[in-house]
Amino acid sequence: MKCSLHVHSSYSDGRGTISDIVEAAKKLGIDELGFSDHLNLSVIDKSVHVGELSIGQLERYVEDILSFSHLKKPAVRLGLEVEFVASAADRLKEILKTFPIDYLIGSVHGIDENYRIDYTR
């Protein structure tokens with residue numbers, strides 16, 4: 001079985017749209033495709049870093065991915081890569097109750113604004 005579950009689209013730091021990526025996965029014979037765009041809960045009320053999905057985009061992101069849920073190959077899964085922020089744990093629980101998220105990838109991309117990993121400035 002060919003799977004790819006750590007896929008970023010143009011909603012965060014990927015290059016392709018959801019549709020473009022699904023079409024490419026079909027051509028490559030991928031059986032299961034999971035989108036896991038970056039969602040940084042620490043910036044809910046601040047500007048979003050380049051390469052991160054904003055809370056305001058989340059509903060559109062979910063709808064876009066779910067529009068492919070009827071496919072058998074690739075089976076399309078809805079995920080998020082979420083920066084761990086202890087103070088935002090309750091917000092994450094709300095998101096998980098609101099949207100049919102299939103899986104999460106937990107991540108730490110920095111300690112504070114002075115020590116960031118994977119961010120272009």
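Predicted model: local features only at pLDDT ≥ 70, side-chain atom pairs only at ≥ 80, totals over all residues.

Q: Which backbone nitrogen lies 3.4 Å from a polar atom of the side chain of Ser12?
A: The backbone nitrogen of His38 lies at that distance from the Ser12 side chain.

Q: What makes the approach of the side chains of Ser12 and Asp37 a polar contact?
A: The two side chains come to 2.5 Å, and the cut-off for a pair of N or O atoms, one able to donate a hydrogen and the other to accept it, is within 3.5 Å. The pair is therefore counted as a polar contact.

Q: Why is Ser12 called buried?
A: Ser12 has a relative accessible area of 10%, and buried means under 20%; Ser12 therefore qualifies as buried. Ser12 is placed in the loop between strand 1 and helix 1.

Q: How many aromatic pairs does a search of the whole structure find?
A: The search finds 1 aromatic pair.

Q: Why is the pair of Tyr11 and Tyr61 called edge-to-face?
A: The ring centres are 5.4 Å apart, and rings pair if their centres lie within 6.5 Å. The planes stand at 75°, while over 60 degrees counts as edge-to-face, so that term applies to Tyr11 and Tyr61.

Q: How do you know that this pair links distant parts of the chain?
A: Tyr11 is in the loop between strand 1 (3-7) and helix 1 (18-28), whereas Tyr61 is in helix 2 (residues 55-66), 50 residues apart. Both Tyr11 and Tyr61 are buried.

Q: What joins Lys73 and Pro74?
A: A cis peptide bond joins them, with omega at about 0°. Pro74 lies in the loop between helix 2 and strand 3 (75-83). Most peptide bonds are trans.

Conventions. Residues numbered from 1 in each chain as written. Heavy atoms only, no water. Phe/Tyr/Trp six-rings, centres within 6.5 Å; stacked < 30°, edge-to-face > 60°. Helix = DSSP H or I, 4+ residues; strand = E, 2+ residues; numbered from the N terminus. Buried < 20%, exposed > 50% of the residue type's maximum accessible area, 1.4 Å probe, protein only.
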